[in-house]
Amino acid sequence: MPIVLGGIADDFTGATDLANNLVRAGMRTVQVIGVPQETLQEGAANGLDLTEVDAVVVALKSRSCPVDQAISESLAALEWLKVQGARQLFFKYCSTFDSTPEGNIGPVADALLEALDSTQTAFVPAFPVNGRSVYQGHLFVGDRLLNDSGMQHHPLNPMTDADIVRVLSRQTPHGVGLLNHATLSEGAQAAGERLATLKAQGVRHVVCDSLDERDLEVLAEALVDHALVTGGSGLAQALPAQYRRKGWLAQIDDAAVLAPAQGAAMVLSGSCSRMTLKQVAHFTQQHAAFALDPVKLNASDAHFEAALDFAREQLAATDPRPFLIYASAEPESVKAAQASLGVKQAGELIECALASLASTLIAEGVGRLLVAGGETSGAVVSALDIRELRIGGQIDPGVPWTQAPHPAAGPSQPEAMLSLTLKSGNFGGEDFFTRAFDVLDAMNPREETA
């Protein structure tokens with residue numbers, strides 16, 4: 001059966017965030033890692049179970065790669081989703097519009113529009129429940145403008161301008177307009193008329209104000225017939241109701257059921273966002289932790305081996321408790337490491353170390369894994385060769401537990417699952433690292449392994 005929505009996400013945590021909101025709105029959703037080589041039916045035959053789903057989200061790692069690569073990978077995902085019969089496409093990027101003057105959001109949106117033979121799309125980065133809102137085209141994080149929210153210090157995509165119309169205008173040769181809140185407050189018909197007026201004027205990209213859930217509902221009604229929509233995950237929680245109104249989607253009672261969890265609990269954190277730093281500080285008050293230093297990683301293998309020894313000590317305990325290995329650090333420390341090693345090498349050293357730790361320790365007993373940071377999540381999931389994630393219940397807005405076939409399970413353990421959550425840097429409350437495992441146990445009681 002054709003899928004209703006096809007998602008293309010520019011990083012792994014963003015894909016999970018989008019899938020989470022679709023599941024919460026009653027769509028049976030699967031997240032795939034990269035573009036599958038099989039169709040839905042062929043995938044089922046090869047162990048990639050994508051049957052009986054309403055939405056598929058393709059997770060890419062294209063947020064910070066060269067523009068041409070981001071376009072190529074996004075178009076490949078689009079072609080695969082079109083073959084599966086997707087009625088609408090959703091290009092998902094971060095709710096803080098993480099990008100540079102060159103892209104990749106604008107160039108990818110242009111390429112997708114051309115491939116769909118369409119002439120207009122909307123940009124809806126807002127996710128009000130997580131404090132992201134847009135007013136007069138300006139993006140806020142909580143009560144702070146984007147460029148004063150901490151995102152101005154992002155190591156890869158520093159956001160120094162909160163005016164999304166202006167930011168997007170630098171990334172595309174096409175016209176960029178605004179659907180403001182005054183028009184939005186008049187309802188879906190007025191919003192649709194504003195979009196049509198801008199389209200007649202040749203405006204290809206329309207940044208949409210949105211302050212709350214009602215605004216997202218109005219936008220969903222106005223945009224449901226667009227071939228392509230773009231944004232954060234907030235809009236995704238409102239679209240399924242419109243799909244049901246049009247008769248595209250059946251009512252599903254529980255789209256978030258997972259298998260019982262098993263194995264030891266570990267947190268790997270590479271994010272340096274303000275919220276992740278608070279989460280690390282909260283967690284280390286009660287749990288064991290090891291801090292990775294990129295300069296020490298570059299000097300010799302001894303620092304990595306020390307991290308591995310620390311983790312093995314935790315796993316050997318009679319009743320292992322959740323533990324943390326992290327590279328999260330204050331902006332001054334990040335800048336010092338980048339000055340010593342270069343931005344690219346400093347990032348790659350951390351990603352490589354955390355991915356290697358994940359591969360080794362999952363084979364030695366970790367079965368519940370929390371990963372913080374978009375780039376880190378991409379590195380870990382790639383290292384584990386995970387192809388598919390079933391989306392389960394939510395921990396905090398935008399962050400669900402998921403499950404994948406256990407990477408270390410043998411042929412005699414086809415039902416073994418790895419419970420995994422991928423957290424975007426700024427998402428979750430201060431106690432997220434601690435509380436996430438309690439939430440998992442409550443949703444999916446653990447099975448004790450022999």
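Are Y243 and W248 buried or exposed? Select them: Y243 is buried, and W248 is too (buried is under 20% relative accessible area, exposed over 50%, partly exposed in between, with a 1.4 Å probe and protein chains only). Before going on, note that this is a predicted model, where local features need pLDDT of at least 70, side-chain atom pairs count only at pLDDT 80 or more, and totals for chains, interfaces and linings use all residues. Residues are numbered from 1 along each chain as its sequence is written, and side-chain values use heavy atoms, with hydrogens and water left out.

Next, the rings. There are nine aromatic pairs here (Phe, Tyr and Trp rings, the six-membered one for Trp, with centres within 6.5 Å; planes under 30 degrees apart are stacked, over 60 edge-to-face, the rest tilted). Y243 and W248 make a stacked one, at 5.7 Å centre to centre and 25° between the planes.

Now pick F283 and F433: the centres sit 6.1 Å apart and the planes at 75°, so this pair is edge-to-face. F283 is in helix α10 (residues 274–284) and F433 in helix α16 (residues 432–443), 150 residues apart (helices are DSSP runs of H or I, at least four residues, numbered from the N terminus).

Then show F91, Y93, F97 and F123, a cluster linked by ring pairs.

Last stop, the largest nonpolar core, with 78 residues (buried Ala, Val, Leu, Ile, Met, Phe, Trp, Tyr and Cys joined through side-chain atoms within 4.5 Å). Helix α14 (residues 343–362) gives the most to this core, seven residues.

Technical notes:
Helix = DSSP H or I, 4+ residues; strand = E, 2+ residues; numbered from the N terminus.
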